[in-house]
Structure formats: structure tokens, C-alpha cells
Amino acid sequence: MFAKVYPFLEELRLKRMTICDESLELLAKSFPGFKALSLSSSFGFSSNGLKAIAAHCRNLTELNIQDDDAMYPVPGCWLSCFPENFASLEILNFACLNTNVSFDALERLVSRCRSLRVLKVNKSITLDQLQRLLVHAPHTSARYLPVLYEACAGLTFLNLRRSYIQSGELAKLLPHCSNLRRLWVPDTVKDKGLKIVGSSCPLLEELRVLQSSPLYLNDRGVTELGLLDVSRGCSKLHYVFYYCQRMTNASVVTIVRNCPNFTHFRLCIRKPDQPDYLTNEPLDDFFAAVVKNCTKLRRLSVSGLVTDLTFDYIGKCAKNLETLSVAFAGGSSDRGMQCVLEGCPKLRKLEIRDCPFGNDALLSGLEKYEMMRSLWMSGLIEDEESDVEGDDDIRVARLNVEVINDEESDNIQPKKVYVYRSLAGPRQDAPPSVLTLWRVRKRILGQCFLASWSKKIENKKTTSVKAVAFAYYLTIINNICQRPKSQLTKPPIWELPSNPDEVPPNLGLRLHARPQSAAD
């Protein structure tokens, strides 16, 4: 059915999915123009599924199998299934496949694909073999290159995030990488290593400095000085992800003046509520400088001590912002988030973690939710006055709402809320720790309804047989409502009269759960 509706499908990107070999074979045989397959943190397939993709997708440009935390035991014989005249591949990543591969088949494939620019191999490929591959494809990116200096001149992407490379090693490598456009390094390079980046990579466009050391090691990591040095030598820089120990307002003013074309500015400070360490002031001027100077900004991550003033600047100046991530913004209030939702017309993704934003901030963006891809909130503030009312408001926007608690918790008060759009509608495979909107709403309303009936019976002080019978059944239903959510697949909906005196003799026949209907 999918192939009939979308016969011209060219790309498919799946994340955290269970995929069988039959699905991959159907994909390979149903879409003759298929070009790109990306499987991120997905499992269930074997070499048979990859063989089908290799044999039948004659226009394939990307095969990207990635997972940062797992290794999959899929044999590498599938590499030999690419036809001998196949030469269109541009991206090949099988780094997470934890088995030996046929190097001869891989070398033949790489030598044919002259447009190959990204190659990520697994641990079965030795450094000597990697060097042979780079000779065939000088425009590819690779990892662990200290012994491959002669092949580095053509590199445009270098990923060293898992190498724990030190500044001394980086100083020997980077002078050979004058054409580098993208660089990922761990924070073990320190500020000294980033100074080398600034002096050696004038064409750099993307820099990611990622965490590698434990939080308690204060003698490691990078600071504002490293990013300052990079900005002085890399004027074309437009994407930065920077995990650092500290930051100052003044340094960022200089950084964005040196690199005004930032489209992605993602800051993560080790102590998330830390102010400017020199002045002890909030980092409001930091983010004001970013959104005022970088008019092309599409993604922003906010970290450190900020107030509502930061979000006021974002709402007024960041008119092209599409993704905003906020963590531990302890100095802000609902008004700050309202400024963002009212002032950023292109906002598509909003991620909020452990911030003092309540229902007023959440519900102020209802008119935008129809156009947004997702809203993620964790560490929410409890607001007892509008739980159910808020659910109704969100449901008006026809979005999927999921409430996520800890596995062992029976508390309905949400720990995390995920709001998103999906062509498939509400999910039917939610685990016990995930409650979809209708499950949360029915459980809350059921408890409120039972409490209301109990109060009516108590106020009437009646001893009628009907009232006593109803009180008995009320106790049974209340026990059902108090079951752990792991035992509730679909909460029952009770057809009960609104007045205890109207309880019919066949009360037991009326107290039943009926199937969920579309109207519910």
C-alpha cells in the first residue's frame, strides 16, 4: 500500500525502530529510484536485509547505519552484493556493525564510487587498510588519522569525538588539514588545541566540542578562550556546538562579531546555572549579542544563568529561529517563554529541561503548535489548577501528547511531556511508563467523578438500598482507578447516572467498560 501511494520515494530515515529483513527487501524492490537509507539506533535486521538494499537500489547515494551506544552483530558479506557497475555512493557508514567485513569488497566499492565523501568503518578495518581506502577516495572523512598525514590534504570532515586526542597530537595533525570544513573533537583538546584549530583551519564551517571527561575533573575541558581563538581564525564558522567549563558575556560579543553568520549556536556549560564567572551577572548580554548579530540563526541552545531578558531578546530578534533548547533557566518565568512563542514565527522545535515554566507558558503557544514539529518538556512545575483543562486545550491543536514518568512510578503528575505531530496519529504501542493524552485524561476524570459521587452520598446521608449498593460498586471502581498504570491498558468508561437516587436495580449491569470510540 505504501509503495502504491508513494511510488517515487527516494529517502527513508528511521530512528529507534524495529526493522525486519522483509521490510528492507520490500523497500529495495518497490522503489526503483530509491537513493538514501538512514537507520539510527534501529535493530531487527540482518545481513540479508542489507544484501537486498545493495543488490536492488541501483541509485543509492547514502547508506547510513548509526548508533553511538550499541554494536550490532551483522556479518559484512553484504558489501559484495553491490553490482560491479555501481558507483553512485556518497555516504557509507557501518561503524556500529560489530563483525568482520570483506575488505576486498569494500576496497572495490570505494574505488568505484568517486563521489564518496563520508566513510565510517568499524573496528575490523585496520589503519593500513584505512590508508589504502583513502588513496581511492581522497574526499572522504575518517577517524583516527595521526598516521595518515599524506592523505589529510583532501579531508573536509574529521570526526575525533571518541579518540580522546590531546592538544599535542592535534597540533601534529591539523597543519595537514587545510581544507577542513567540519571538525568534531572531545574537550580533552583544551583551549590550546582550539588555538591550533584557529590557526590551521581557515575554511572551517562547523565545530563541535563534545564532553569526554567526568564532571568532577576540573582540570580538563575548554573555556571561552578556546572559542575566541577559533573565531579569530575561522571567519566562515556558522555552526558551533560547544561544551565548556565557563563563559562570559564579553567574550561572546567578540565571537559573534568575528563570525556573524552563525546559523547554529549550541552552548552547554558544565554547571548549567552558572553566571558570567568574571562579573557574576546573568548571561543575558551573551544571548542578546548572538540573536542581534546573527540574523540567520536557526538553532539556539541556552545554558547558564539567564533571566526573562534573554527570552525577550530571542522573541524580538530571532525571527528565523527554528529550534530552541533551554536547560536549567532558573532565573526566568512564564513571561520569558511567552515572549519566545509570540515573537519567533518560524519556531518548529522547542526543548525545555528543568526550567520554571508552567501551564501559562505552555498554553500560550497553542496557535503555534499546529506548525511545530515537536515540544519536549521535562522537570515540569506542578500546576494543579489546569491539568485537565490544559489537556483539552492541547487536544484542540490535534497534536499527540505523551506524559512520561519513571518506570516504577504510579504518579500521574508528569515528569516529562512530549507533544508532536505524526501522520499516524496517537501511538498504540506506548510502554507502561508512557501515558498518551486520552489515558491521562480518562484516569484523572474518573477519579474526579468518583470523588464527586462520594461527596453527594455523604451529604445526603441516605440509607437507601440503592445508595448503599452504589457505594459498594463505587468502592470497586475506585480500586480499579488506583491500580498502577502498568495494569491499565485502556481505562474503563462508566455509564453512571448523575444522581445517586436514580441508580436502577440492575446497577451491576450498567457498571461495565465499553470499547473506546472515536468520539472519546
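## Starting at R117

At 41% relative accessibility, R117 counts as partly exposed. Keep in mind that the model you are looking at is predicted. The partner of R117 is E90, and the two form a salt bridge with their closest N and O atoms 3.8 Å apart. R117 sits in the loop between α4 (103-112) and β5 (118-120), while E90 sits in the loop between β3 (62-66) and β4 (91-93), so this pair ties together parts that are 27 residues apart in sequence. E90 is partly exposed too, at 29% relative accessibility.

K29 is exposed, with a relative accessible area of 52%, and E25 is partly exposed at 36%.

## A pair across two helices

Next up are R335 and D308, whose side chains meet in a salt bridge at 4.0 Å, N to O. R335 is in helix α12 (residues 334-343) and D308 is in helix α11 (residues 308-317), so here again the link ties together parts 27 residues apart in sequence. Is D308 buried or exposed? With 13% relative accessibility, D308 counts as buried, whereas R335, at 46%, is partly exposed.

## The whole count

How many salt bridges turn up in a search of the whole structure? The search finds 12.

How values were computed:
Residues numbered from 1 in each chain as written. Predicted model: local features only at pLDDT ≥ 70, side-chain atom pairs only at ≥ 80, totals over all residues. Heavy atoms only, no water. Buried < 20%, exposed > 50% of the residue type's maximum accessible area, 1.4 Å probe, protein only. Helix = DSSP H or I, 4+ residues; strand = E, 2+ residues; numbered from the N terminus.
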